[in-house]
Amino acid sequence: MTAVLSSLPPWLQRGLADLFPAAVAQEAGLDPDQTLAARLAEAEAAGRPLRVKLGIDPTGSDIHLGHSILFRKLRAFQDAGHTAVLIIGDFTARIGDPTGKSTTRVQLSAAEVEAHAETYLVQLGLGQDPGRALLDFHTPGRLEVRRNSEWLAGLNLPQVIELLGITTVGQMLAKEDFANRYGSGTPISLHEFLYPLLQGYDSVAVQADLELGGTDQKFNVAMGRDLQRHFGQRPQFGMLLPILPGLDGVQKMSKSLGNTVGLAEDPLSMYSKLEKVPDVVVDEYLTLLTDLDLAVLPANPRERQKLMALELTRARHGVAAAAAAQVDAAALVAGAAGAGAAAAEVPETSLVAVNFPAKAFYLLAAVGICASSSEARRQIQGGGVKLDGEKLVDPNQEFASAAELHGKVLQLGKKTFRRLLAG
RNA sequence: GGGUCGGUGCCCGAGUGGUUAAUGGGGGCGGACUGUAAAUCCGCUGGCUCUGCCUACGUUGGUUCAAAUCCAACCCGGCCCA
């Protein structure tokens with residue numbers, strides 16, 4: 001594969017899982033509809049940037065590192081002068097992509113979807129410091145943000161029937177997720193069959209030259225090609241990137257599995273999560289999430305791991321914050337109690353909403369460290385809670401006022417910290 | 001529409017009238033250990049400012065001193081047949 005790809009630029013090749021129908025001309029063809037190298041050459045000759053599509057469904061409110069693989073590649077295209085067409089799936093989010101799902105997804109309201117879309121754009125860099133933004137929002141012509149309700153909401157029944165006629169039940173059932181669900185007797189709602197078609201229709205609507213997606217998107221991206229052909233357009237290329245393993249190192253990074261690092265997370269939690277990722281995925285993170293050359297990195301696994309955590313934190317929060325996070329993480333985990341904890345930069349929480357006098361277990365819950373006061377009580381009894389490095393043993397210990405807690409660091413386990421502020 | 005089986009805590013899955021937040025596993029969280037992690041061992045895993053009080057086994061009613069467990073209707077789903 002490396003040899004075949006050799007005429008594509010390195011920035012484009014890095015971390016690819018799949019590229020279809022073909023990367024460069026193997027034997028006969030220099031057909032720009034069949035090989036990406038030819039399409040790139042053609043575009044360059046014509047002085048026309050490629051339209052690179054990436055669709056995201058605003059179904060949750062946080063973007064995590066797993067998603068950022070795709071955005072990084074999209075950014076690379078931008079930096080090479082191409083046009084990123086970011087599709088906010090505000091319409092499709094309400095159907096729910098059945099990919100990778102074992103059950104029908106709950107449908108979201110239009111308002112929820114829109115709220116998510118806004119936070120997505122901010123996390124991608126809209127209105128943020130361009131130096132740390134994931135996408136280039138500033139250079140003219142490099143980014144097009146579209147919402148697919150723009151063309152999907154207005155489809156009428158004859159048009160929908162036309163779309164449905166393009167494919168068959170057999171083809172749909174060839175899709176792994178559907179096949180599994182059908183095979184195991186898990187319900188599949190009919191509207192879920194519409195999802196791949198609508199995603200494909202997005203490609204038609206924006207006249208995509210190439211669509212980015214995770215490897216699990218192959219079916220949907222290929223569907224886009226079928227639809228484009230049906231509507232008389234040149235079919236897009238499909239560029240698939242690996243699915244990032246989550247912090248557990250086994251399953252894919254996914255919010256529902258709780259193994260994510262969110263782009264919006266503070267430096268300390270980002271760093272401390274990343275520095276304990278299993279060794280086997282460290283190189284994968286480095287390849288997919290950074291531009292570093294793996295060959296020149298330290299061989300010691302622990303060193304490598306820390307460097308990866310540092311680099312990813314830096315990319316998001318800047319050099320100073322990342323370095324501070326590394327120091328703080330070391331101090332806090334080492335349990336260098338008072339000193340370390342006091343010096344550390346940890347997320348701050350106001351105590352204004354807490355009613356005093358406050359018992360310890362209530363405090364934990366009120367401050368948001370524990371999901372419930374009952375859980376807080378258990379955690380304290382389990383010996384996992386510290387205040388300024390000192391273990392709390394009595395869940396009923398009372399604190400009389402916010403003032404006596406001001407500036408102290410409340411800690412649950414090794415990963416969760418809150419600095420308490422009286423105001 | 002007919003037949004049939006089934007709906008239990010984050011998930012899977014026991015339980016089939018009676019002290020009980022409800023066996024077990026997974027996952028998660030915490031502790032010990034370690035270079036972080038993994039593995040292993042231990043603890044916790046409904047809510048509530050909690051020595052007690054609430055809410056829980058699809059929904060709603062019913063039988064009973066007592067129901068996740070019995071009955072009825074309804075809702076949802078699988079499979080077979082139309």
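Guide: Strand 2 (residues 51-56) is mostly covered, with five of its six residues buried. Buried means under 20% relative accessible area, exposed over 50%, partly exposed in between (1.4 Å probe, protein chains only). Strands (E, at least two residues) and helices (H or I, at least four) are DSSP runs, numbered from the N terminus.
Guide: This is a predicted model: local features need pLDDT of at least 70, side-chain atom pairs count only at pLDDT 80 or more, and totals for chains, interfaces and linings use all residues. Residues are numbered from 1 along each chain as its sequence is written, chains are lettered from A and ligands numbered from 1 in the order in which they are written, and side-chain values use heavy atoms, leaving out hydrogens and water.

Visitor: How many bridges join strand 2 to strand 3?
Guide: Six, and the two run parallel. I56 stands opposite I88 of strand 3. Strands pair if DSSP finds at least two bridges between them.

Visitor: And which residue is the bridge partner of V52 in strand 5?
Guide: L210. Strand 2 and strand 5 are parallel too, over two bridges.

Visitor: New topic. Which residues come nearest to RNA strand B?
Guide: N355, S372, S373, R378 and Q379, out of 24 around it. Near means a heavy atom within 4 Å.

Visitor: Which helix gives the largest share of that surface?
Guide: Helix 18, with five residues.

Visitor: What does Q305 reach on the RNA?
Guide: A side-chain N or O atom of Q305 is 2.9 Å from a base oxygen of RNA strand B.

Note on methods
Polar contact = N/O pair within 3.5 Å; in protein donor to acceptor, adjacent residues only side chain to side chain.
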